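Here is a short briefing on the structure shown below.

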Amino acid sequence: MWDNLQILGLAPVFNVQLLVNGVLIGAVFALAAYGLALVWGVMNVKNLAQGDFVMMGGYLGWWLAERGLNPILALLPVAAVMFAFGWVLYWLIIRRVIQRDLFTSLLATFGLAIVMQQGLNLAFGPEVRTADSGFDTRVFFDGMVTVTDIRIVSFVLCGLLAVALVLYMKRSRMGQAIRATAQDARAARILGVDTERVYAFTFSLNSAICGAAGVLISMIWVLQPFYGIAYSVRAFVIVTAAGLGNLPGVIIAALGLGAIEQYSGFVLGAQFQQATVVGLLVVILVWKQFLMMRRRENLQ
Amino acid sequence: MTRGSKILHAGILVAGVAAPLLFPGYTFQFAMLWIMILFALTWDTMGGQMGYNSLGNIIFFGFGMYISAITQIGMYYDVGEYTAAFGAIKVDFSDAQYYGGLALGLVFAALASVVLAVVLSWVLLGLRGPYFAIGTLGIALSAAELTGAWTYVGGGGGISMPVFPGEPEVRSLFFYCLCMAVSIACYLFLRWLYGTRFGLAINAIRDDEDKAEAMGLHTKRYKTFAWAISAFFLAMIGALFGNMTGFIEPMEVAYPTVTFGIFMVAMTLLGGKGTLWGPVIGATIFHTLKEVTWTYLLGWQWIALGLLIIVNVVYFQQGILGWVKDRKPEWFGVKVDAAMSADAAASGSAKEAS
Amino acid sequence: MYKTKRTFLLAATASAVALAFAGPAAAKVEGDKIILGSAISITGKYSQEGKNARDGYDLAVKMINDKGGVKVGDKSYKLEVKYYDDESTPARTAQLLERLISQDGVKYVLGPYSSGTTKAAAPVTEKYKIPMVEAEGASRSLFTQGYRYLFAVLSTSEQYLASAIALAAETAKKQGKKPSDVRIAMAFENDPFSLDVRAGVVDDAKKYGMKIVIDDKLPRDLSDMSATLTKVKALKPDLLVVSGHTKGASTAGRQINEMGISVPMIAMTHCESADIIGKFGAGAEGILCPTQWAETLSYKDSLFGTAKQYNDLFLKTYTGYDTVPYQSAQASAAVQVWADAFTRAQSFDTEKLRDTIAATNLDTFYGKVKFSPAGNNIAKPMVLRQVQNGGYHVVAPSEWASHKLVFPRNAGGAKQASK
């Protein structure tokens, strides 16, 4: 561990590599986390299947890419399919857990996660899959830092998507309805907002965002039916750190998490890379709890 | 105890003793049934009776397993040398060493787990509702990762447990008896406990923690104690399970968060949470169904499990016992006033509509 | 009153349970069928490898049955395998082995996939004195416990990368350096098999006095190893070894390529099942892959013919494979060992069969099978293949080598050829 820190001190260029890798992948985490924050904030559903939506989107993208479609272009049809998938799920399951006690949504979506994992396994097989974006790798500092173009492209796409979402939430009728429902569902209903439709739309939107994140993941990292939980945990870490309804916070937390993962893998060793993420989740929860305890409040 | 209840308990005891003798080939599965019952019972102490839904109780199971393994091997050999993949030493235990180690391992596992529970309660039991669930899930996942990174206990390579000195049939029966004893002890203890002031206190915490505290209950102490009870029994059963399996490793055997960790919750919900018998019934039905159908579903079993959880949680949350209670409250000694129940139903549906 | 009703309810449940458990115990030999049993990974993290192994078992069973089955006495028996899904977890393996043996009455066992599950299976078969021929558990520690009923047709894990280390030492000498100057970077998955391979590498490295500069353990849900590879870039080792089943090879293959890692020699396990050539094309060029078996080797037997013929038959029978993973080949060989044992023992007695298996001296398409007293196959070497011009070619050990080692690995090729 000490030696690894020394490397970073002696050859600072590797910091650049770690930061670049972390921040670029963090942008993709931000997508899934933003979706979670949306669903959590608007309809108070804690979606533990978040990561499995990401994987499903990835597999759909991979499947289209295998059939000759450019994986970047696959973003659109995958998002559309995932939107529809979310819509169906909403009417089948989620609708019934919204107003129930909080653990219900957690457990119901956990069940959903299990079904989706195994469904993906049966549909696409357990093999590790990767989609090829067809982009090149950029080399800086004499080969010391390499960045694949797909990471840059996906970073830009994530940024565009974030801007589009913000504008949509601010400007469109539906966006306003969503924000109104999040503030006070009952008041929104009295003022004529069809909250049921708002919920369905929000959940489907989340599903579509996750699907898009999945397509990007399929080109940057690898897909496997059982990897979903890692993305779910990441999304929870980011949202608990940033708080609900705080898009800038979510983005900063996500980029930070990406970088922290890289640093922990580098300094402590790859065996601690995952442990750092889950560890952070616990630390953040406890820290928030500690802050609230001083005001004699509870995190709930 | 009423007469009926006496007959019931005696009947279960007889069935428990008779089962492995009548169907010796199934001893291992019967032992698993007792383990499942204990899982559900201990989960319900926190989740059902106290309203603290944990997704990470499995941490005590794995922790107990590892503490016991370290004790059993460490008493006679160097654990680090034994687990090193490079230059593994061959171990041999005499009968006395084996049984002595196992007994001590069980005790240490239980005690160490209680200590762990108390330590974790400082950081976790302040969290409420879904945060508690997520926090415990995080703790269990990181426990698996950290144990995997600990080379002294073999890391992800795992530990081969000491071999039972005796015939395979005796071995199965031996562990069956231990599992049954621990589960029954757990049941009897909880049965007594729920009847005391403690039971009322944790129910009060479930119903409204702030009010309970305002009434002068030292909620923190109650919560820690309930958490420690779960830890105590889970650690013992974990130690036994490790020995029954013969080979332990962190990810899949010791901290199986998405299998055993979720089964606990699913079984309790299936049977009806917040009751003494609900977890027992849920575990029995779940385990039986699972053993009968699971291996024939070849890949579809996880879909079935996931669907079971969804349907159970979304459409049938009161569980089997809860459902019976709704239908036949008089069976449970609840007197039903027709006018009042109509009233309650009306207000209930009004609440739902709001 | 209410308690008696509850009693009734529970009594009904209890009797239902008892009934459900009371299935009939099947026999080891049913009519003209010999039932072999195996708990194999159909779901979970090893489901891909588990499928490879199952296809291997099934192909051998089919071939043996098509050729008339196994003759014991004057009767011919067909083979059949009873599978359970162990969900890739050792906890399940032990339970299912108990189930196969004590409930289903299976007396002849084929191994599960992976060292971890085999470690859980071996104590069970040992206790019941049921012979198990396994093809997928390579961990060396399986063969230091004195198991009598465990037989493995494959080479043990410390041999996986031994020839890569030897090769690195040899190359160093050729370049006028000392073998002890060689610096090794290691990335192994944190699971019993890979840690065992790692132990073998550490062992060999010590022998040559080589220095290990990176020793990372990859987590279970591995989808990124760029942090480890950044370290590789910083420390510039002479040899990089990676082992993490199929997903490890996929991830490493992709990121080594993307990050332009220019280590002169790279060795990793499971190249074939990860299909690194198909996935990464020129980017996989020069990677060294240890294999238990290769279709170019000159082994043959009377059932499948040559290794090449097995290869063709396999590809014809199962779709979805570009190359035959050695996991399938060795699974087929394990079935052949069972068939051979029945024929030679002319008996169904497990003790007799155990002794017969111990005395096996069989030539198969997969290589020679001959067991040491500890139960591992000592008659078959591991070979090391290198990806050259889009194909796997044996480069070591020298007696099997068909091609010369390309050293250093053509690192620049990755980037130029990437598109």
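A residue is buried if 20 or more other C-beta atoms lie within 10 Å of its own, exposed if 12 or fewer, and partly exposed in between, with C-beta atoms placed from the backbone. By that count, 56% of the 354 residues of chain B are buried. This is a predicted model, in which local features need pLDDT of at least 70, side-chain atom pairs count only at pLDDT 80 or more, and totals for chains, interfaces and linings use all residues. Residues are numbered from 1 along each chain as its sequence is written, and chains are lettered from A and ligands numbered from 1 in the order in which they are written.

**Chain B: overall fold**

- Chain B has 16 helices and two strands. Helices (H or I, at least four residues) and strands (E, at least two) are DSSP runs, numbered from the N terminus.
- The radius of gyration of chain B is 21 Å, close to the 20 Å of the globule rule for 354 residues, so chain B is as compact as a globular protein of that length. The radius is taken over C-alpha atoms, and the rule is 2.2 Å times the number of residues to the power 0.38.
- Along the principal axes, the C-alpha atoms of chain B fill a box of roughly 75 × 45 × 40 Å.
- Two residues are in contact if their C-beta atoms, placed from the backbone, lie within 7 Å. Among chain B contacts between residues at least 6 apart in sequence, 80% join residues at least 24 apart.

**Where chain B touches chain A**

- Chain B puts 32 residues into this contact, and chain A puts in 35 residues.
- On the side of chain B, the elements giving two or more residues are α6 (129-148), α12 (260-271) and α14 (301-315).
- α6(B) gives the most to that side, with 13 residues.
- The chain B side divides into 20 nonpolar, 10 polar and two charged residues. Here Ala, Val, Leu, Ile, Met, Phe, Trp, Tyr, Cys and Pro count as nonpolar, Asp, Glu, Lys and Arg as charged, and the others, Gly among them, as polar.

**Nonpolar core**

- A nonpolar core is a set of buried Ala, Val, Leu, Ile, Met, Phe, Trp, Tyr and Cys residues joined through C-beta atoms within 7 Å.
- The largest such core has 363 residues, and A33(A) and I238(A) touch the most other members.
- Helix α2 (residues 13-43) of chain A gives the most to this core, with 20 residues.
- Setting aside neighbours within four places in sequence, A33(A) is in contact with A235(A), I238(A), V239(A), V250(A) and A254(A).

**Helix α3 of chain A**

- The 17 residues of α3(A) (residues 50-66) should span 24 Å at 1.5 Å a residue, and the end C-alpha atoms are 25 Å apart, which agrees. The expected span is 1.5 Å times one less than the number of residues in the helix.
- α3(A) is mostly covered, with 15 of its 17 residues buried.
- G68(A) follows α3(A) and has a positive phi, near 100°.

**Chain C: backbone details**

- A cis peptide bond joins A396(C) and P397(C), with omega about -5°. P397(C) sits in the loop between β18 (391-396) and α14 (412-417) of chain C.
- The bond from F407(C) to P408(C) is also cis, with omega near -10°. P408(C) is in the loop between β18 and α14 of chain C.
- E87(C) is not a glycine, yet its phi is positive, about 55°. E87(C) lies in the loop between β4 (75-85) and α3 (90-103) of chain C. It counts as buried, with 27 C-beta neighbours inside 10 Å.
- H270(C) is not a glycine either, and its phi is positive at about 65°. H270(C) lies in the loop between β11 (265-268) and α9 (271-274) of chain C. It counts as buried, with 29 C-beta neighbours inside 10 Å.
- T323(C) is in the loop between α11 (307-317) and α12 (326-345) of chain C. T323(C) is partly exposed, with 19 other C-beta atoms within 10 Å.
- T323(C) and D275(C) are 48 residues apart along the chain, and their C-alpha atoms are separated by 7.8 Å.

**Confidence**

- The predictor gives the complex an ipTM of 0.87 and a pTM of 0.87.
- pLDDT is the predictor's confidence in each residue, from 0 to 100. Chain C has a mean pLDDT of 86, and 91% of its residues reach 70 or more.
- Over residues 1-9 of chain C, pLDDT stays under 50, and the model has 13 contacts beyond four places in sequence for this stretch.
- Over residues 15-27 of chain C, pLDDT is below 50, and the stretch has 15 contacts beyond near neighbours in sequence.
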